[in-house]
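Subject: Structure for your review

Dear colleague,

Please find below the structure that I am handing over to you. My notes on what was found in it follow directly after.

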Amino acid sequence: MANLLERESEIATLRRAFHDAAAGQFRTVGLRGEPGVGKTRLLSEVTDLACRGGALVLAGRASELERDVPFALLDDSLAVNSQARSTLSDRDARALDALGAEPGPPDTVTGGPRPFERHAVARAVRALLETLSRERPVVLVLDDVHWADPASAEVLALLLHRPPRGAVLTALAARTGQAPTLESALAHAVRHDDGALLDLAPLSVRAVGRLYPDLSPAAQGELHQLTGGNPFYLEQLAESGARPYRAGQSNTPLGAFVVPTAVRAALAAEVDGLPAAARDLIRGAAVAGDPFEPVLAGVAAGLDPPEALAALDALLAVDLVRAGGAPGIYHFRHPLIRRAVYHDAGDGWLIGAHDRVAEALRHRGVAPMRRAYHVERAARPGDLDAVALLTEAADTALPVAPASAAGWYEAALRLLPADPRHADRHLALLCAQGPALASAGLPAKARDVLRHALSLIPPERFVERVRVLQIMVRLTGLWLGNGIEIRRLLEDELAALGDRDPRLTTLLTFALANDRSWWGDLPAALRLADDAASGAATLGDTALEAGALTSAAGVAQRLALSADPTVRDEVDRRMARAVAVADSEPDQARTDRLQTDFLLCVNQLNAGDIDGAARRARRALRLSEDTGQGLLASSFLVIRAVVHEERGQLQAAAADAAEALDSAVATGSPQLRVWASFVASRVALAQGDITAALEHATTGDTHSNGNTNGNSIGFTLADARLAAGDVAGAIAALDTYGWINPTVWPRERLRAVDVGVRVLIAAERRDDAARLADRAAEAAGARLTGTFAGIHARIRATVLLAADDVATAADVALAGAEAAAQAGTPLWAGRCRILAGQALAAQGRTDLARAELRNAAADLDALGAAGFRDAALRELRRLGDRPRINTASAAPSDDGLAVLTRREREVADLVAAGHSNAAIATRLYLSERTVEKHVSHLLAKLGLTTRIGVVRLLANAGTDRETV
């Protein structure tokens with residue numbers, strides 16, 4: 001076969017990936033290249049290899065003509081037996097239902113997520129693959145993913161960002177440069193040593209000579225030029241029986257993916273030689289889909305079932321179509337055949353064919369989202385029934401496939417008559433299309449659509465104009481990021497409104513308050529929020545009053561850069577009033593103001609009320625999931641992750657942060673990406689994974705777009721860089737975001753002081769560290785007790801220890817550990833105990849020091865906080881102890897190397913065996929630079945400075961079993 005010539009290296013990579021997956025390690029391989037270069041043939045090799053190896057093969061192929069059908073690619077490929085699905089949780093089983101059917105209503109009984117949220121579907125697919133791989137290896141083979149519908153592409157990208165655990169191999173093929181989301185995800189997998197990305201080059205002239213040995217060298221060279229060395233084109237010419245070349249024929253511009261004239265002629269000759277009914281059926285099949293159902297293809301072609309089945313036999317006989325994976329389902333021999341057949345059919349014939357298929361599907365009771373593809377291609381302008389169906393399909397698809405929804409809204413707009421009687425409908429479609437485009441990652445287009453919607457509303461129709469502005473305000477913070485424009489629009493609208501409508505005035509004032517808060521103009525934000533709260537109270541609008549009071553309380557909290565307790569007390573009074581009004585209505589009346597609950601959770605967390613924030617987040621998460629408000633649900637996941645982090649529940653925190661990150665990737669929301677990234681970074685740092693902590697922090701920094709207001713990414717990034725030994729980088733992060741950022745919440749400012757003090761001491765700037773520590777009470781807004789106490793104590797003890805006031809440092813640290821434990825923040829308690837141990841050791845009180853360090857190590861180990869625990873272990877080693885972690889609570893390993901990730905442990909074993917970095921890179925198929933990073937990180941985790949230390953530690957691992 002031509003498309004296996006010169007592919008030995010690629011086949012070897014695929015075999016290696018399968019063997020790794022069969023051994024229990026997730027692997028992915030991406031194949032890129034032009035049409036016909038051999039991607040499909042290599043996927044067949046993967047399938048054959050998997051079948052011979054006893055693996056379960058799940059296969060699918062995307063189609064150019066079904067790109068707007070949500071989950072079209074994953075639907076068939078993941079259609080597995082019901083026994084596997086029965087082992088999944090109810091939540092994941094419901095989410096998988098989104099692949100094959102119209103999404104249903106939310107489950108208000110169990111409170112589970114709506115099944116069509118994209119990140120929920122990705123989570124369910126991940127769980128399904130993990131379940132299947134427990135029985136035997138699973139190989140997911142997907143072809144032509146450059147044509148994948150956006151929903152399927154997003155789920156695949158999420159799987160590659162956070163892959164399933166187990167014996168799973170994904171093999172994906174796409175055209176070069178036409179699947180940027182997936183190519184980015186594949187590159188991420190390659191960077192994390194989980195996969196390979198192979199670019200398939202055209203065949204050489206020598207390969208053409210092997211295929212056409214009868215031709216002269218000159219003819220072989222011209223044939224190579226004619227086909228560009230494309231294996232499919234070469235084979236197609238060979239199978240057509242036509243002369244493969246004409247002297248002097250120029251090369252076709254293959255870079256534009258244009259099929260050479262000779263090959264197009266060969267394909268046309270195959271179809272033209274068919275009986276009339278078979279020609280009609282293959283055109284009908286091109287309309288019906290790939291794979292296709294013969295009877296439906298017959299409907300498209302205008303053939304009755306017996307005629308369609310007879311014509312099918314003729315197509316099978318000449319191998320234009322082949323039997324599919326399921327009974328009664330068939331597919332084209334190659335996607336280019338379908339493409340050529342479809343585009344060679346006349347436009348008029350195609351409109352009629354799509355119309356016949358749409359009508360047949362309607363009679364079958366197929367839901368609008370599955371019919372919209374055909375309706376869009378068959379409808380005429382003015383067809384109001386088509387407008388209604390496309391709108392319904394878009395409304396349903398919006399949470400799971402916003403790009404498809406935006407396209408269907410656009411199609412409905414094109415069909416809607418340009419008639420004043422339909423003006424309201426036109427405006428409603430634009431207002432729906434804007435958020436859909438934003439959610440699909442097209443914020444500029446969303447902004448343009450909403451601008452257009454606003455321009456269509458006469459100045460005197462204030463209600464409609466305010467409604468559009470409210471949508472723009474919501475999108476500004478999450479996607480659009482143009483605060484100046486939205487502020488001017490709001491101010492102009494408020495000026496034009498005057499005193500005509502107090503409620504609209506209050507709504508616009510509240511919107512302006514949120515805008516000013518977002519962009520850090522806190523005094524203006526507080527004044528506007530207070531005005532809005534007063535106006536809402538006068539109107540008796542409890543929901544609006546709760547929102548304004550909550551906003552005002554949050555702004556006041558951020559303005560409380562003061563050690564004066566009276567300022568703190570005023571903030572607390574505002575908080576109590578906001579909570580009371582917000583909680584005065586039952587859940588049923590609160591679903592339209594969950595944004596208020598989110599801000600209240602943030603306020604409660606930053607006031608130290610962890611339990612209150614946890615209760616509110618739990619209830620709001622259920623409400624947001626039940627009502628399909630996916631972005632808000634993910635925001636509450638971040639809140640819950642922070643609660644888990646504060647309580648020392650690191651695994652739960654990591655899971656919530658990971659799910660929120662999945663949602664951020666799927667929705668394209670940069671703000672959610674920032675929030676979830678900095679929580680994930682802090683959790684990874686606590687768990688001892690410095691590489692992941694640095695990567696998450698860097699991701700948050702990248703997506704912050706320079707907005708330093710209201711996020712914790714500055715000190716999180718500095719903390720990760722400090723852990724990695726990059727003191728200069730940590731200082732740069734704090735310089736950028738602020739050592740004490742006046743626009744963020746007090747708890748964040750206090751944590752920033754903690755990081756800043758440690759960074760300055762590492763930089764040997766002790767006087768600067770002491771001055772920064774002196775501002776801790778001011779940064780915390782005069783909050784010194786409860787959940788703030790442990791952080792305060794750690795800051796003060798760190799400075800005292802650096803100043804050699806070890807006696808006071810020990811007392812402060814021990815008191816802080818006790819206060820943190822009582823407040824339910826065990827990570828801070830453990831970290832204070834480590835400082836106490838250091839201070840006691842410096843006093844010469846070695847036995848007490850060992851006791852505190854052992855207690856700290858044991859407590860932190862039980863929490864899974866290996867990163868913090870290791871600090872205690874290093875101190876114990878300096879005191880002459882040779883501690884080992886408690887294997888009952890650690891990762892599945894019986895030695896001190898359990899702090900390492902799987903890959904770091906592999907590298908450590910090879911280091912101990914005496915291999916160089918270059919040799920390790922060869923054995924593990926990594927770059928030498930990647931190995932250098934792994935070695936650096938594992939040495940830092942183990943508190944070692946040389947490779948010989950790894951050798952000694954491994955040598956002792958099997959003999960020393962002392963536990964902390």
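The structure contains 9 cavities of 30 Å³ or more. Please bear in mind throughout that this is a predicted model.

**The largest cavity**

The volume of the largest cavity is about 170 Å³. Its lining is made up of 17 residues, and those nearest the centre of the cavity are Glu645, Arg682, Arg751, Arg831 and Phe868. At least two lining residues come from each of H31, H33, helix H35 (713-723), H37 and helix H42 (826-842). Several of these residues and helices return in the sections below.

**Charged contacts**

In total, the structure holds 51 salt bridges. One of them joins the side chains of Arg751 and Glu645, at 3.4 Å from N to O. Are the two partners buried or exposed? Arg751 is buried, with a relative accessible area of 11%, and Glu645 is buried as well, with a value of 6%.

The side chains of Glu570 and Arg574 meet at 3.7 Å, N to O. Both residues lie in helix H28 (residues 565-582), where they are 4 residues apart, about one turn of the helix. Glu570 has a relative accessibility of 34% and so counts as partly exposed. Arg574 has 21% and also counts as partly exposed, because the cut-off for a buried residue is under 20%.

A search of the whole structure gives 4 aromatic pairs. Phe598 and Phe636 form one of them, an edge-to-face pair with 5.9 Å from centre to centre and 80 degrees between the planes. Phe598 is in helix H29 (residues 594-606) and Phe636 is in helix H31, so the pair ties together parts that are 38 residues apart in sequence. Both Phe598 and Phe636 are buried.

Phe598 has a second ring partner, Trp675: the ring centres are 5.1 Å apart and the planes stand at 40 degrees, so this pair is tilted. Here, too, distant parts of the chain are linked, with Phe598 in helix H29 and Trp675 in helix H33 (residues 670-687), 77 residues apart. The relative accessibility of Phe598 is 8%, so Phe598 counts as buried. Trp675 is buried with a relative accessible area of 14%.

Elsewhere, ring pairs link Phe292, Tyr330 and Phe332 into a cluster.

**Arg831 and its rings**

Over which rings does the charged end of Arg831 sit? One is the ring of Trp828, with the charged end 5.0 Å from the ring centre. The other is the ring of Phe868, with a distance of 4.0 Å to the centre.

**Helix H7**

Helix H7 (residues 150-161) has 12 residues; at 1.5 Å a residue these should span 16 Å, and the end C-alpha atoms are 16 Å apart, which agrees. H7 is mostly covered, with 10 of its 12 residues buried. The buried residues of H7 include Ala151, Glu154, Val155 and Leu160.

Yours sincerely,

A colleague

Definitions and conventions
Residues numbered from 1 in each chain as written. Predicted model: local features only at pLDDT ≥ 70, side-chain atom pairs only at ≥ 80, totals over all residues. Heavy atoms only, no water. Expected span 1.5 Å × (residues − 1). Buried < 20%, exposed > 50% of the residue type's maximum accessible area, 1.4 Å probe, protein only. Salt bridge = Lys/Arg side-chain N within 4 Å of Asp/Glu carboxyl O. Phe/Tyr/Trp six-rings, centres within 6.5 Å; stacked < 30°, edge-to-face > 60°. Lys NZ or Arg CZ within 6 Å of the ring centre and 35° of its normal. 1 Å grid on protein atoms, 1.4 Å probe; cavity = no way out; pocket = protein on both sides within 12 Å on 5 of 7 lines; lining within 4 Å. Points joined across faces, edges and corners; volume = space filled by probe spheres on them.
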